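Please look at the sequence and the 3D view before reading on.

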Amino acid sequence: MLTFESNAVQGTSGIVEKLVSLPFQKIKHQVATLDAQPSSEQGGILVMVTGALLVDEEERSMNYTQVFQLQPDGAGSYFVFNDIFKLIYG
């Protein structure tokens, strides 16, 4: 599940559709903080990121917070199980 600006989307096709529909052509992430900790006995990882986004040719960045949970896929890799993304206005 992906929650982007309080709008929840579930499933791979819904998430891809949401990301493709965003009105941005180019985004640059500037990570300020990154914290992670174990989230389950199955080997999950909870990650929180804060930072700023530079969108297209804008000169003013937008602050954001993102929290996502990674789960092991059983083949030695991880997949995003939950993802919450929020722009910080003000």
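The points below cover the chain as a whole and then its pockets.

This is a predicted model, in which local features need pLDDT of at least 70 and side-chain atom pairs count only at pLDDT 80 or more, while totals for chains, interfaces and linings use all residues. Residues are numbered from 1 along each chain as its sequence is written, and side-chain values use heavy atoms, with hydrogens and water left out.

**Overall chain**
- From the N terminus, the order of elements is β-β-α-β-β-β-β.
- The C-alpha trace spans about 45 × 30 × 25 Å along its principal axes.
- Of the 90 residues, 24% count as buried (under 20% relative accessible area, with a 1.4 Å probe and protein chains only).

**Largest pocket**
- A pocket is an open set of points on a 1 Å grid over the protein atoms alone, where a 1.4 Å probe fits, with protein on both sides within 12 Å along at least five of seven lines; lining residues have an atom within 4 Å of a point.
- The largest pocket holds about 200 Å³ of space, a volume being the space filled by probe spheres set on the points.
- Its lining has 14 residues, with Phe4, Leu19, Leu22, His29 and Phe85 nearest the centre.
- Strand E6 gives the largest share of this lining, three residues.

**Second largest pocket**
- The second largest pocket has a volume of about 160 Å³.
- Its lining consists of Arg60, Ser61, Met62, Asn63, Ile88, Tyr89 and Gly90.

Terms used. Helices (H or I, at least four residues) and strands (E, at least two) are DSSP runs, numbered from the N terminus. Buried means under 20% relative accessible area, exposed over 50%, partly exposed in between (1.4 Å probe, protein chains only).
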